[in-house]
Every structure is written in C-alpha cells, then in structure tokens.
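The sequence and structure come before the details.

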Amino acid sequence: WFYMEQRNLKPKVKAEDRPPCSGLYVPDQKSFLFEVSYYKKKINLEVFHCLTDGTGALNFLKELVRNYLMICYPQVEFPPVSEEEISTASDHEEDSFSQYYSKSDYGSVKKSRPAFQLKGERLEQEEMSVLEVVLSAKEVYRKAKSYGVSVTVFLSAALLCAIHEEMPRSQMKKPVTLMVPVNLRNYFPSYSMTNFFGWIEAGQVFEENTRFEEVLQNLQHVFRTELVKERIADNMNRLVRLEKNPLIRAVPLEVKKYFLMVGAAWGSRRITTVYSNIGVVRFPKEYEPYIRRFGFFTCTEALQLCSCSYGDELLLGFTSK
C-alpha cells in the first residue's frame, strides 16, 4: 500500500499565492502534505486528505489559532482549546481503524442504483469554483427544528431539491444521492488525528409532485437507520478487511493502483454529490473578540458542499469543477 514518511523539515507560513486546493503532493519531492498561508486577516490551512480528516485538520487549526493569538497578545490568557490536552503523540498517530477492527460477521451490503450525475463545462486543471455563503446559524437551526430534523438533514434535503430543479426530464428516474461523511470518533472513542471517518449514502427519487417535507422524512429515516454503531461498524470492518487481506497486500502497488482507480470511478456512479458538515467550531469565550468566522471546503471532481458554524455564522462552502 501507499505509506507516509516523516520529514525533518521546518514548515514555513507564506502569503497566499495559489488558487485554493492546488496540488500538495508532488511524487519524489521532499515536502509536506499540509500548507499554512495567509491573506490579510485570514489564515488558510490546506491539508491533503490522506494525512487527516476534517476533525484532525480542525483540531490542528484551533491549536494554530491559539498559538498565533498567544504571540500577538502576550498580555491575554488564552485557555486550551480542546480536550486532547491529556492525549499523547502516540494517541494522535494511532490507526483507529485497526484498533476497532473486528472479524465478526458482516451485514448485507445494500445495492445502490446509478445516481444522477451533474454535467457541465469543466474548468482548467488548477481552477476550481469556490462559493462561500454565510447564514445565521440560529435561524437555520430554528428552521430545521420546526421540521423536527437536524441541521445536517435539513441542509441535505435542500441540496437534493436544488439539484433536482436542474435535472433534465430524461434523467428524472435516477436518484439524486448524497455521500455524507461520518466522524467515527462519535461512535468509537479515539484521540487519533489521522483519518477516522466513514460515510453513509442518502438519496431521493423525485416524482413530479415530491414535496420538500417528503424529502426530509426520507432522509430522516435513512440517517436514523444508517447512523447506528452496528451498521457503521459493519461498513468499517468491510473496508479494513480488504486492507488486511494478505493476498491483496502481496499484489504490487502499480497493479493495485490501477484497480483502486477503477473501483473509485465505479463507486462514484452511485453518488451525485458530497455534503460534509463538521458542525459547530467551539472556543472558550476569551477568544471571541479575536475570531470572526471559520470556513471549510474541499477539492472535488464535480460539486461538493461543506459546512461549519462559529457563533451565529453558518458558512456553506460550495466547490465545483
């Protein structure tokens, strides 16, 4: 499999000089898989996904913000920003997938239909459209609660309906399907800052008169069914089982790489788009005068929505090729 090597280099902060989500990994070049830059009063942290997930990146950024503010305002006492203070470097580098892997029987795999695929003129290789929308977190929360659903379900339904409005009539029979990443630390205790996430798929086949409330009810059912520890463990074990298979491990990487690409392309047929919500970014009240907002978006092959909130600002980050 691919693996990572440690670099005894000193990372340097620089002024923002490239488009967002430009390539970080350069084969055979001694460099980092993350980058910190700035533009005026904005701090950018860019991370190659093989290094960590949204939770790990956010925890690193929060520590970065704390250290930056301690340097800028030495007269102010800035308390710790996370509960990970009690954890060790070994905890942070732990492979939690292997720790919680079980050889128990696997549940049935749900077959998925090919989903509607977004089409359009593609941008140049290094270019990506980025749209950031700022909403009132309290108003969105109140709206979601008025329907009896979570903010994630509410925004997922809104995204599905928005895509449906753009579908050509010839494609209407195909489901519009979201992939929604899931933070596995909420189900399996872990201080790991490496990748430890799974995902669920939630889709909707739209009829001519499908109402928004029906989409909400369908998604609510899917989330309640899929977001249970046993179901999540089954999905996680199935993937780890492949990684640990001695026959697959023995196959040369160049051969495996080809099949990984084919598998990823085949799997993407089941997905229309991805929605990732890392939730509320929390800081002690001492930080409030110094931080305006947090934003979050990712590189994508088609369209993706990411969201997070800080204070009363809910930021939606749409990226598109």
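## Surface patch

Helix α9, residues 253–268, contains F259. The model is a predicted one. F259 has a relative accessibility of 55% and is therefore classed as exposed, since the cut-off for exposed is over 50%.

## Aromatic pairs

The whole structure holds 18 aromatic pairs. One of them is formed by F34 and F60, in an edge-to-face arrangement with 5.7 Å centre to centre and 65 degrees between the planes. This pair links distant parts of the chain, 26 residues apart: F34 belongs to strand β2 (residues 34–39) and F60 to helix α1 (residues 54–72). F34 counts as partly exposed at 22% relative accessibility, and F60 counts as partly exposed at 39%.

Y73 and Y290 form a tilted pair, with 4.6 Å centre to centre and 45 degrees between the planes. Here the partners are 217 residues apart: Y73 is in the loop between α1 and α2 (89–92), and Y290 is in the loop between β7 (273–280) and β8 (303–310). Y73 is partly exposed, at a relative accessible area of 32%; Y290 is also partly exposed, at 31% relative accessibility.

## Ring cluster and charges over rings

Y73 and Y290 also belong to a cluster linked by ring pairs, together with F78, F283, Y287, F294 and Y310. K62 lies over the face of F283, 5.6 Å from the ring centre.

Elsewhere, R269 lies over the face of W266, at 4.2 Å from the ring centre.

Terms used: Residues are numbered from 1 along each chain as its sequence is written. This is a predicted model: local features need pLDDT of at least 70, side-chain atom pairs count only at pLDDT 80 or more; totals for chains, interfaces and linings use all residues. Side-chain values use heavy atoms; hydrogens and water are left out. Helices (H or I, at least four residues) and strands (E, at least two) are DSSP runs, numbered from the N terminus. Buried means under 20% relative accessible area, exposed over 50%, partly exposed in between (1.4 Å probe, protein chains only). Rings of Phe, Tyr and Trp (its six-membered ring) pair if their centres lie within 6.5 Å; planes under 30 degrees apart count as stacked, over 60 as edge-to-face and the rest as tilted. A charge sits over a ring if NZ of Lys or CZ of Arg is within 6 Å of the ring centre and within 35 degrees of the ring normal.
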